[in-house]
Amino acid sequence: MAHDLPTSAAPLAAIDDLRIAFRGHDGRFSEAVRGLSLTLQKGERLGIVGESGSGKSLTGRALLGLLPPAARVSARALRFDGADLLAMPPRERRRLCGRQMGMILQDPKFSLNPVMTVGAQLREAFARHAPKLGRREMREKIVDALAAVHIRNPERVAAAYPHELSGGMGQRVMIAMMVSTGPRLLVADEPTSALDVLVSAQVLGVLDEMIAKHDTGLIFISHDLPLVMSFCDRVVVMYAGRVVETCAARDLLHAQHPYTRGLLAANPPLANPPDELPVLARDPAWLADTGCAPRDESATRAGSDMDNSTDDSASTLADSNANGDANRAARSGAHGACR
Amino acid sequence: MSTPVTALDRLRALPARNAGLRAALFALRWLITLAVTFVGLLAVTFVIGRKVPIDPVLAVLGDRASASAYAATRAALGLDKPLAVQFWIYARDVLHGNLGTSLLTSNPVLTDIQRVFPATLELATLSTVIGVLIGVPLGVLAAVRHNRLIDHVARFIGLVGSSVPVFWLGLMGLLLFYAKLHWVSGPGRLDPVFDGMVDTRTGSLLIDALAAGEWDVFFNALSHIALPAAILGYYSVAYLSRMTRSFMLDQLSQEYITTARAKGLPERRVVWVHALRNVMVPLLTVIALSYSFLLEGSVLTEIVFAWPGIGSYLTGALLNADMNAVLGSTLVIGATFIALNLLTDALYRVFDPRAR
Amino acid sequence: MLPSSEATPQNWRAWLLTDTPASRRQAALGRAYRRWRRFAANPLSLFGLAILLLLILFAAAGPLVAPHDPLRQVLADRLLPPGSASHWLGTDQLGRDILSRLIYGSRITLSIAILVVVVVVPIGLLIGTTAGFFGGWLDNLLMRITDIALAFPKIVLALAFAAALGPGVINAVIAISITAWPAYARLARAETLRLVEADYIHVARLQGASRRRILLRYIVPLCSSSVIVRATLDMAGIILTVAGLGFLGLGAQPPSPEWGFMVASGRNVLLDAWWVATIPGCAILAVSLAFNLLGDGLRDVFDPRHGD
């Protein structure tokens with residue numbers, strides 16, 4: 001499963017067989033994350049890629065203990081720095097969040113409290129680390145933190161409300177809030193998905209700088225494969241709640257798994273683009289696992305028509321109409337069954 | 001509305017730097033809405049007044065008036081003028097405070113209302129306070145412990161609150177807590193023995209008695225207001241807890257709550273500072289709405305408790321076909337109701353930083 | 001039509017729940033069945049429905065079910081407590097059987113509530129959809145009027161109207177209707193604005209449907225579900241208002257056994273004969289509760305958040 005680089009040190013974070021399930025309308029549990037395992041070394045940058053619904057956001061939140069109460073979590077092991085997160089009392093785990101772990105969310109318009117000023121929210125974050133700081137020193141610390149993320153007018157921004165900031169500025173405020181205290185682990189959940197390309201590059205530059213400064217371990221969650229390839233050391237590809245491939249970022253172009261190859265092919269080159277865009281054809285064999293029950297009969301019937309081939313046999317990079325109907329059936333069967 | 005056409009549009013298109021001007025503009029629009037709505041209310045009461053099956057001339061003169069006296073009185077009452085002019089006269093009278101004379105008390109209706117309205121305000125205020133103190137925390141807890149016991153309790157209270165007739169609940173309350181248990185005093189605001197012991201300066205017996213240091217009077221007044229305030233307060237609790245729960249559930253699923261938790265803040269702070277602060281503005285408007293509902297609810301409650309407020313006055317006038325008093329009370333209650341409703345609109349604009 | 005030759009319950013269910021209905025009727029029935037299943041999953045909603053069905057039963061079969069004549073005064077049997085052999089819920093101060101009065105009173109309550117809804121919903125729908133569909137100055141004018149009407153106190157105005165028009169059932173209906181329509185106009189307008197953007201409306205217009213046809217044949221039926229849910233939820237409030245008017249003597253006149261008036265007449269004997277005022281109030285409570293539960297259940301079923 002995870003063919004990591006050999007390590008001698010204990011990992012910063014270790015997840016073994018994580019399962020996250022939600023109760024549906026009919027009362028049955030359906031798993032969104034089905035047996036995921038990964039490790040993160042100190043100071044390493046790990047990217048998690050997958051499409052919407054693959055469970056990557058949930059994985060990040062599970063590590064921080066920020067899942068919605070409706071989620072049912074179980075794992076063989078969920079460790080941070082050797083400590084067992086599952087056995088930890090919730091209050092202690094919450095404290096861990098502020099001190100050693102942080103999270104950056106996607107859209108600062110929603111992820112910052114709209115009725116509190118930026119400065120007040122930063123003060124809250126910093127007060128957990130330096131409770132004895134006086135008012136003036138705290139104000140200086142806030143201004144310094146904002147300046148460190150290259151915000152040009154830190155005093156004005158500190159007095160502003162989140163809706164008055166642009167997207168890029170808001171994300172930089174988030175970075176200042178979560179990273180300038182020097183957490184050991186940071187989870188970035190699609191940090192640039194709400195930003196346009198230029199601003200995205202700026203924000204990533206700031207993030208890069210801050211992480212390098214504090215030697216923070218990073219879990220970078222995104223659906224943008226090229227971005228993750230350039231920013232991270234190692235990449236994990238998720239599909240339908242499971243890891244289908246793990247490799248070093250530079251080795252990703254030579255990825256083995258057909259799903260990964262399909263994702264790579266979904267980014268056609270600008271020079272010499274193909275005449276027809278490749279369509280990713282999903283093989284239900286990728287879902288082959290226990291606990292993946294199809295939702296209704298029609299899906300199973302369609303799925304069983306396509307014989308349960310293994311990875312090797314499926315020529316899944318279909319170019320277009322050749323496999324048309326069967327693929328469509330497989331796709332609908334696959335989609336209908338699992339998220 | 002793409003290209004500015006009217007002066008209003010051009011004003012609206014001004015950059016945010018002229019925030020002061022825009023604020024003044026909104027205030028003006030609000031005042032105009034208030035005025036127009038009030039005129040609408042006047043029109044409605046005017047129509048109701050004209051719809052009365054009793055001939056107002058005969059009501060004044062009696063059955064056996066001569067034709068000439070009839071004509072003279074009719075002219076004196078202004079009934080021979082066109083409808084629009086009559087409405088204008090009516091509106092002018094009302095704005096000058098002339099609401100007619102009550103058939104029952106022979107006083108000007110406005111004087112009567114000035115005498116009785118404070119009692120209703122005292123009752124509505126105390127009931128709202130009860131509603132806020134109990135209803136809001138209940139709603140927050142129900143949202144935080146979603147689908148657990150306290151949530152079901154809150155929802156049950158809310159459900160009963162929208163199904164129970166207030167006059168019946170008042171009667172049951174009197175039966176149980178006054179007649180059987182003797183925990184509270186009966187109808188009325190004070191025992192007759194305490195009547196007139198305290199100057200009514202603020203209109204609230206509780207405050208006046210406290211200010212005068214008359215503890216006997218205070219406790220007696222308290223025991224009289226306890227039951228009606230509890231009954232009305234129950235409705236306020238039901239409404240406010242349901243609204244607070246709904247607002248809080250909405251907020252607790254937002255992303256900034258995740259951020260707050262990721263910052264390591266204790267859950268107590270996340271709920272009561274971060275989430276609640278976002279709920280303040282809609283909550284304030286809902287509290288104002290609750291107050292206005294209670295003003296209405298008092299109409300049916302006061303008669304049960306013989307509480308000498310505008311509700312008793314209105315129902316008494318109803319039963320005796322005293323139309324001047326009925327319409328006057330309707331106008332006053334209606335105007336207060338409208339003012340509170342429109343106030344809630346203004347509150348949004350003032351308190352929400354995003355709306356500025 | 002059926003997938004197999006036997007008409008077993010499983011086959012009916014499969015037929016109704018199939019993803020590929022063969023006819024419009026099958027699709028409509030299937031949708032109704034799905035909605036019923038979702039509704040029935042909530043025991044409280046079923047409870048509300050049960051009470052309402054009981055109410056309708058009593059109202060319809062009143063004369064056959066009531067043990068006594070509700071108007072018959074037997075002064076020798078005054079103020080019998082509930083549980084008496086001949087009068088299960090006791091008698092009032094004029095010796096009239098309370099149970100029978102309750103049953104006959106259900107007809108009055110139900111008819112006033114239904115009349116109000118029948119009057120208010122079409123008016124509100126008409127005004128709201130017209131305003132939302134045609135837009136412009138008509139929308140502005142209608143909505144200004146609606147906003148003004150919404151800002152009025154409902155109960156107080158209903159009282160004033162009832163006082164002016166005089167007591168009686170019809171006047172009570174008129175008085176309540178006059179204050180209840182604005183909320184439906186608002187709702188219908190909001191729904192219309194949402195629907196007008198839909199593609200199938202554009203298609204209908206391209207096919208040459210007149211605006212009136214679009215309005216009446218498309219928009220109004222589509223608004224109906226949310227309006228019906230709202231009406232059901234409001235019924236509880238309407239019943240309470242009707243009872244309130246009756247309590248003040250402005251509804252059905254004595255000796256008519258209107259529930260609100262029964263509570264009022266029980267006030268005089270409250271301390272000695274608590275049941276005369278309590279029992280009619282329990283009936284009002286039960287019916288109001290039932291409408292609330294039913295309305296909540298319907299809202300959960302029709303709410304667009306649930307899809308389907």
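This passage walks through a predicted model with several chains, starting with one chain and moving on to the places where parts meet.

Taken along the principal axes, the C-alpha atoms of chain C fill a box of roughly 75 × 60 × 25 Å. Of its 308 residues, 43% count as buried. Contacts along chain C reach across the sequence too: among those between residues at least 6 apart, 66% join residues at least 24 apart.

Chain B comes in two pieces, with domain 1 covering 24-95 and domain 2 covering 112-355. The C-alpha centres of these two domains of chain B lie 34 Å apart. Even so, they do touch: 13 residues of domain 1 are in contact with 12 residues of domain 2. On the domain 1 side of that contact, H2(B) gives the most, with 10 residues.

Thr73(B) sits in helix H4 of chain B, which spans residues 67-76. With 16 other C-beta atoms within 10 Å, Thr73(B) is partly exposed, because a residue needs 20 or more to count as buried and 12 or fewer to count as exposed. Lys180(B) is 107 residues away from Thr73(B) along the chain, and the C-alpha atoms of the two are separated by 55 Å.

Chains B and C also meet each other. The contact takes 35 residues from chain B and 34 residues from chain C. On the chain B side, the elements that give two or more residues are helix H2 (19-51), helix H8 (166-180), helix H12 (267-305), helix H13 (310-319) and helix H14 (323-351). H14(B) supplies the largest share of that side, 9 residues. Sorted by class, the chain B side has 25 nonpolar, 8 polar and 2 charged residues.

The largest nonpolar core holds 249 residues, and Leu159(C), Ala160(C) and Ile239(C) touch the most other members. Helix H10 of chain B (residues 215-252) gives the most to this core, with 18 residues. Domain 1 (24-95) and domain 2 (112-355) of chain B both give residues to the core, so it lies between them. As for Ala160(C), setting aside its neighbours within four places in sequence, it is in contact with Ile48(B), Val326(B), Leu327(B) and Thr330(B).

Chain A brings in a sheet. Here 6 strands form an open sheet in the order S7-S8-S9-S3-S10-S11, and the pairing is mixed. Strand S7 (101-104) and strand S11 (242-248) of chain A stand at the edges with a single partner strand each, so one side of each is left without a neighbour in the sheet. From one strand to the next, the twist averages 15°. Strand S10 of chain A (residues 234-239) is joined to S11(A) by 6 bridges, and the two run antiparallel. Within this part of the sheet, Tyr239(A) stands opposite Arg242(A) in S11(A).

How values were computed: Residues numbered from 1 in each chain as written. Chains lettered and ligands numbered in written order. Predicted model: local features only at pLDDT ≥ 70, side-chain atom pairs only at ≥ 80, totals over all residues. Core = buried A, V, L, I, M, F, W, Y, C linked by C-beta atoms within 7 Å. Helix = DSSP H or I, 4+ residues; strand = E, 2+ residues; numbered from the N terminus. Domains from an automatic or database assignment. Contact = placed C-beta atoms within 7 Å. Nonpolar A, V, L, I, M, F, W, Y, C, P; charged D, E, K, R; others polar. Pairing = 2+ DSSP bridges. Axes fitted to C-alpha atoms, helices over the stretch in contact; angles between N-to-C directions.
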